[in-house]
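Please read it beside the sequence and the structure shown here.

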Amino acid sequence: MNSGLPASAAPLGGAGIPNVKVKFCRYYAKDKTCFYGDECQFLHEDPSMAGLQLHGGGSPVPLSMAGGGGTPAGKLWLLSSTVPGMEGATLSDANLTNSYFSSSFIGVNGFGMNTSVLNSWHFMSSTDPVNSPTSSLFSDFGALSISQRRKAPNPAASEFIPKGTPRMATMAQSTVQAFPSPLFPHPALSTSTAAALAPGMSLSAGSSPLHSPKITPHTSPAPRRRSHTPNPANYMGPTTASDQGAHIIQKETVGGTTYFYTDNTPAPMAGMVFPTYHIYPPTAPHVAYMQPKANAPSFFMADELRQELINRHLITMAQIDHSENPDVPSEVDSYHSLFPLEPLPPPNRMQKTSNFSYITSCYKAVNSKDDLPYCLRRIHGFRLVNTKCMMLVDMWKKIQHSNSVTLREVFTTKAFGDHSLVFSYDFHAGAETMFSRHFNDPAADSYFTKRKWGQHEPPPPRQHAGLLPESLIWAYIVQLSSALRTIHTAGLACRVMDPSKILITGKTRLRVNCVGVFDVLTFDNSQTNHLALMPQYQQADLVSLGKVVLALACNSLAGIQRENLQKAMELVSINYSSDLKNLILYLLTEQSRLRSVNDIMPMIGARFYTQLDASQMRNDVIEEDLAKEVQNGRLFRLLAKLGTINERPEFQKDPTWSETGDRYLLKLFRDHLFHQVTEAGAPWIDLSHIVSCLNKLDAGVPEKISLVSRDEKSVLVVTYSDLKRCFDSTFQELQAAASGSL
């Protein structure tokens with residue numbers, strides 16, 4: 001193994017240590033890198049620099065490492081010399097412990113040397129640590145990175161997938177400035193390869209990828225990197241071609257295996273300063289200019305959105321008084337807390353719906369399996385005789401679309417006193433049907449009402465004067481056609497394209513409800529192919545879509561009746577564009593070939609982009625409202641913790657606990673937050689002051705504040721970092737007592 005050593009191989013020896021010739025690594029000597037890493041059996045040094053001597057020369061002096069036991073493998077050999085500025089100083093074992101070394105120390109016959117860059121080297125000297133020649137000595141030996149235990153491959157690890165984002169350990173900032181020059185200057189360290197090395201990284205350190213197992217370890221950095229919080233500084237790096245050309249070679253050890261990869265992330269720009277605590281930014285300009293109200297709140301979400309969310313929460317949490325509604329069961333299958341979403345008529349006055357030809361009722365209920373609210377559609381008096389229809393139910397369960405209410409399950413029950421079939425759907429609180437929003441005005445049908453002889457016909461309605469705006473109708477068309485496209489692509493048919501079965505949430509959001517009900521109610525067990533009639537049903541969906549659009553354009557359900565079709569189309573021609581008229585005619589006219597919902601896409605045309613733009617602008621507004629409230633939870637937790645500490649009457653049988661020690665500082669800080677007064681003695685209430693102080697406390701900034709006692713006889717000047725330390729230690733003490741660990 002040691003045969004054929006070159007003449008440049010330097011012998012190492014000493015008292016009690018056999019002379020060992022160390023062969024230089026030819027890979028490292030050529031390219032200044034070795035893929036064997038610490039496992040390499042040869043010395044990673046430049047042969048041309050092996051003859052350099054220290055200042056003044058000297059002899060080898062062993063320095064014992066912790067746990068070395070005096071063996072050759074347990075000692076680090078340094079060259080003793082007279083160092084300028086450190087005459088008479090000795091380097092003891094206590095000053096050079098293995099806490100400064102972190103990588104393998106492996107060589108020929110168990111002895112060798114491997115250099116890598118150390119994060120920092122702490123020492124105290126009476127001379128200038130930067131400009132003195134001593135700095136070069138400690139800089140070079142500070143570059144040694146040695147550990148006693150040899151890294152072994154992990155057989156349970158798996159193949160490494162290179163990562164694109166670095167996961168660097170934060171380097172400890174030394175009080176001593178960086179040393180300007182090394183003791184052994186390597187010519188290659190000025191090249192692009194060495195310059196690209198990250199601080200604390202070395203091409204020759206770590207285990208060899210050659211010995212890595214061929215499977216990816218479960219703790220591989222590739223999966224963990226996907227969830228890392230991005231550093232804002234990484235997105236503000238230089239973008240010039242010269243800056244992008246330098247790629248940093250990173251190193252990461254996972255499961256005993258060291259991986260090298262190239263970091264393509266741009267280096268952060270120098271001189272960037274970020275706030276040390278949270279500061280509320282102003283409204284984004286692209287949202288500020290689209291605000292319709294000039295007096296919109298700047299620190300809270302819009303009142304309209306807040307009210308809408310509160311109403312949804314109220315409906316979701318609503319319950320029924322069972323003493324006044326004994327007919328509603330307390331539990332149906334795995335659902336409980338039933339709440340009727342539609343008025344329940346007396347049993348003798350129930351009527352069959354025009355859609356399903358069965359008596360139906362709708363409830364909100366909570367599933368005991370996941371504690372989520374669902375909408376239960378009950379079909380009264382229906383006995384399911386064959387379960388083959390569940391094949392279609394399973395197909396409906398797979399459809400997830402933003403404009404369709406998802407079907408979750410179908411089951412039968414006797415909890416209502418009869419054989420009932422129940423469909424479980426996602427619950428959308430605050431939704432109303434298209435019928436109740438747009439077709440609930442009897443006066444809207446007056447234009448299509450037949451006149452008696454001698455009565456004058458009223459003038460036709462106009463847009464924004466009895467008719468819906470065309471932009472709203474196109475918004476509905478885009479959403480309904482999108483839902484139909486997804487349903488038809490899955491090989492199913494909607495069959496419930498009716499204003500009474502289309503839900504509207506918010507202002508313009510549509511969802512098709514009660515999907516899959518007809519497939520179960522009209523299931524024919526005698527058919528072998530239960531999907532054979534789906535193309536016919538899909539054609540019926542397009543006709544139903546045309547009727548819905550025509551009814552919206554006329555703002556009346558009377559317009560879709562056969563005797564009023566001509567009059568309704570005339571109304572559309574007068575008030576709306578030819579594209580809307582052509583779309584209605586295409587959907588309502590029978591064609592010689594099978595039509596597809598994709599055929600109406602050219603008629604929608606560029607209006608699709610209008611709806612997409614409106615949706616994204618709405619998303620921007622909601623995100624801006626969310627940004628105003630995103631810190632409220634953190635501030636509330638701070639106030640909750642502060643409230644558990646202040647004015648506590650007794651703790652650990654000490655009635656003065658909240659008035660002494662760290663708790664007294666927190667009490668004065670509470671007064672500083674909420675009990676400020678003006679020069680005239682009036683209460684000074686400033687929400688920005690409270691929020692700013694809480695943010696500084698949470699971050700522990702070094703800013704100083706004056707805390708004045710209530711009798712104004714004591715003034716304490718403390719920093720927010722001191723208050724944070726008191727705050728955390730006190731609350732941890734309370735938590736320990738609550739958990740019984742005290």
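## Surroundings of Asp426

Setting aside neighbours within four places in sequence, Asp426 is in contact with Tyr374, Cys375, Val405, Thr406 and Arg408, where contact means heavy atoms within 4.5 Å. Asp426 and Tyr374 are 52 residues apart in sequence, yet their C-alpha atoms are 5.0 Å apart in space. Asp426 belongs to strand β12 (residues 420–426), and with a relative accessible area of 18% it is buried (under 20%, with exposed over 50% and partly exposed in between, for a 1.4 Å probe and protein chains only).

## Basis of the values

The model is predicted, so local features need pLDDT of at least 70 and side-chain atom pairs count only at pLDDT 80 or more, while totals for chains, interfaces and linings use all residues. Residues are numbered from 1 along each chain as its sequence is written, and side-chain values use heavy atoms, with hydrogens and water left out.

## Packing of α18 and α20

Helix α18 (residues 661–674) packs on helix α20 (residues 720–739) at an angle of about 120 degrees, with the axes 9 Å apart. That angle makes α18 oblique to α20, the term for angles that are not under 35 degrees (roughly parallel), over 145 (roughly antiparallel) or 65 to 115 (roughly perpendicular). Among the residues making this contact are Leu665, Leu666 and Phe669 of α18 and Leu723, Cys726 and Phe727 of α20.

## Cysteines

The structure holds 0 disulfides, a disulfide being a pair of cysteine sulfur atoms within 2.5 Å. Cys726 is buried, with a relative accessible area of 0%, and Cys554 is also buried, at 3%.

How values were computed: Axes are lines fitted to C-alpha atoms, for helices over the stretch in contact, and angles run from 0 to 180 degrees between N-to-C directions. Helices (H or I, at least four residues) and strands (E, at least two) are DSSP runs, numbered from the N terminus.
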